[in-house]
Amino acid sequence: PGRLHGLAAGCHALLQLPEGTAEQAVVATAATMGVLVNGLSLYRFVATGAEADPEPLPPALVIGFGNVSEHRIRRGIHALSQAVRSPAPH
């Protein structure tokens, strides 16, 4: 199971994925289910300007939940749990 961080910080949370999870495959699979999230690697690239980090960081998702109904949040959580269990091949 993943770990959720940052809920008290605002309208985004960080979901740390299990070690070895293909972050972009989870993002792609979630998108096919209608749930749009970003992989944390997108932000790491923007922040550092580097194409590859010298030390790979654990896979994680950035999840926005501002202006989203409770029903849609529950649906999204369910879809993300499926996407983590069965990500598309990368």
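Tutor: Glu70 forms a salt bridge with Arg74, with the closest N and O atoms 2.8 Å apart; the term stands for a side-chain nitrogen of Lys or Arg within 4 Å of a carboxyl oxygen of Asp or Glu. This is a predicted model, in which local features need pLDDT of at least 70 and side-chain atom pairs count only at pLDDT 80 or more, while totals for chains, interfaces and linings use all residues. Residues are numbered from 1 along each chain as its sequence is written, and side-chain values use heavy atoms, with hydrogens and water left out.

Student: How many salt bridges does a search of the whole structure find?

Tutor: Side chains of opposite charge can pair when their charged atoms come close. Glu70 and Arg74 are both exposed (over 50% relative accessible area; buried is under 20%, partly exposed in between, with a 1.4 Å probe and protein chains only). They lie 4 residues apart in helix α3 (residues 70–85), about one turn of the helix; helices (H or I, at least four residues) and strands (E, at least two) are DSSP runs numbered from the N terminus. The number of salt bridges found in the whole structure is 1.

Student: In β4, which residue is the bridge partner of His12?

Tutor: Strands pair if DSSP finds at least two bridges between them. Strand β2 (residues 12–16) pairs with β4 in the antiparallel sense over 5 bridges. Strand β3 (residues 38–39) is also antiparallel to β4, over 2 bridges, and there Gly39 is partnered with Leu61. For His12, the partner in β4 is Gly64.

Student: Is Thr29 buried or exposed, and what is its relative accessible area?

Tutor: Thr29 sits in helix α1 (residues 23–32). Leaving aside neighbours within four places in sequence, Thr29 is in contact (heavy atoms within 4.5 Å) with Ala83, Ser86, Pro87 and Ala88. Thr29 is buried, and its relative accessible area is 7%.
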